[in-house]
Amino acid sequence: MDSAREGGGVAGTVLIPMNFVWSYGGRSVYLSGSFTGWTNLYQMSPVEGCPTVFQVICSLTPGYHQYKFFVDGEWRHDENQPFISCTYGIVNTVLLARESDYIPPTISPAVPSLTNMDVDNEAFQQLVRISDGSRHEAVPRIQETDLEVSRHRVSLFLSTHTVYELLPESGKVITLDVDLPVKQAFHILYEQGISIAPLWDYFKGRFVGVLSALDFILILRELGNHGSNLTEEELETHTISAWKEGKGYLNRQIDGNGRAFSRGLIHAGPYDNLKDVALKILENEVATVPIIHSSSEDGSFPQLLHLASLSGILKCICRYFRHSSNSLPVLQLPIFAIPVGTWVSEIGEANQRPLAKLHPSASLSLALGLLVQAQVSSIPIVDDNDSLLDIYSRSDITALAKNRVYAHINLDDMTIHQALQLGQDPYSPYEFNSQRCQMCLRTDPLHEVMDRLANPGVRRLVIVEAGSRRVEGIVSLRDIFKFLLG
């Protein structure tokens, strides 16, 4: 039985417990009403033995109250309870005259068809007006205790499980030698369908870094810079180690003797716990962490076992809590009710950084500049109505390695449309690419968003408006982990 929730009673007024019941199924069900000022949503819990029946107890003052249910992102009313049509659409009503009038609703496993329930979402979008007259959507508030409990349990799980749980039964990891020409390295990335590879230094006998799609972006921007010391001819013989040293100069990573140095390799061992690995990825702003094992005390003869990522760690979390989601209260909250992700200004927090979006006609140069300067891994591509068409990601840059396309283009002249349509008709109309666009709705519960982000290759979800695909925000793996780990 749920503990009674305060319904906004006045001090000294007798409060009457009222059991609200929704008997028509759903994944996430909330209650709102006049007793909350239509500004709060109370989460309803499934009844034991009746998974399609949800309930919550609220303590209300005697008198007349109106209420509605928020089921899987849509406003509904119960036709089997008293209801009226008013300013807020169709709402259920209850009259509490005194404590003796309270009769608990009967909970029955027999569930009427969902088709008997009207969807009131459209009429109810105008449900709340605050003092300045603007519209305000009812948002379920995160209870601090629920947030603390959820974060503690996630942290405890990650701290008590090791990297060994990430290792696949079989698989391959591509490693590149630092003396390999950059041009050849990026051909390998493209042909193998990967965006990152660890680097091996034969003379040092150890792994010394990684080469990623971001390196290729920086190289192409350097080639397009008229003052660059790197030419297309030199790219044919320019080695990875030479590029890394030059990158150190570009980033002003110079030691006391004037020599360039690169940041040490961020790596982990198979016995490290998952929380430490997740924090390494977040704090060092890297996409993956190589898992390296050596049976020697001096670390010689290292073996590369795996490339750990937030996606793999999230998959472990989802698998562990899948059948005990009630132990993480925040998992049932809709994504728009959680301080996570980047949102368009009219939806998200005003103090957040703006959401980067581009049109298909924007230049590839502009897209690459945004990826580097805004420090994002992808950019939603939208039409004139801000409806999602495609996504341009850092990893898409490796496609330019095919047939040395990078040597025959001007980044300012090539559009994003052309870059994503390589090998196809560049003048064909730009249509929605459902295979590349991983999306979610703002009303999707957090556990569903996490399940999708845990899939291999998915690093972010674009939050869109249902039907129109209008971009409302974007949520990434990093956003989820920053939220879960506090």
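Student: Which strands does helix H11 lie across?
Tutor: In this predicted model, helix H11, residues 446–453, lies across S19, S20 and S21. Its direction is at about 135° to S20.

Student: And which strands does helix H12 lie across?
Tutor: Helix H12, covering residues 477–485, lies across S16 and S21. The angle between helix H12 and S21 is about 65°.

Student: In what order do the four strands form the sheet?
Tutor: The order is S16-S21-S20-S19, in an open sheet with mixed pairing.

Student: Which strands stand at the edges, then?
Tutor: Strand S16 (342–343) and strand S19 (439–441) do. Each has a single partner strand, so one side of each is left without a neighbour in the sheet.

Student: In what sense do S20 and S21 pair?
Tutor: Strand S20, residues 460–464, and strand S21, residues 471–476, are antiparallel, with five bridges between them. As for individual residues, Ile463 has Gly473 in S21 as its bridge partner.

Student: Changing topic: where is Ser311 placed?
Tutor: Ser311 belongs to helix H8, which spans residues 310–321.

Student: Is Ser311 buried or exposed?
Tutor: Ser311 counts as buried, because its relative accessibility is 11% and the cut-off for buried is under 20%.

Student: What is Ser311 in contact with, beyond its neighbours within four places in sequence?
Tutor: Those contacts are Leu453, Ala454, Asn455, Pro456 and Leu477.

Student: What lies 3.3 Å from a polar atom of the Ser311 side chain?
Tutor: That is the backbone oxygen of Ala454, a residue also listed among the contacts of Ser311.

Definitions and conventions
Residues are numbered from 1 along each chain as its sequence is written. This is a predicted model: local features need pLDDT of at least 70, side-chain atom pairs count only at pLDDT 80 or more; totals for chains, interfaces and linings use all residues. Side-chain values use heavy atoms; hydrogens and water are left out. Helices (H or I, at least four residues) and strands (E, at least two) are DSSP runs, numbered from the N terminus. Buried means under 20% relative accessible area, exposed over 50%, partly exposed in between (1.4 Å probe, protein chains only). A polar contact is a pair of N or O atoms within 3.5 Å; within protein, one must be able to donate a hydrogen and the other to accept it, and residues adjacent in sequence count only if both atoms are side-chain atoms. Contact means heavy atoms within 4.5 Å. Two strands pair if DSSP finds at least two bridges between them. Axes are lines fitted to C-alpha atoms, for helices over the stretch in contact, and angles run from 0 to 180 degrees between N-to-C directions.
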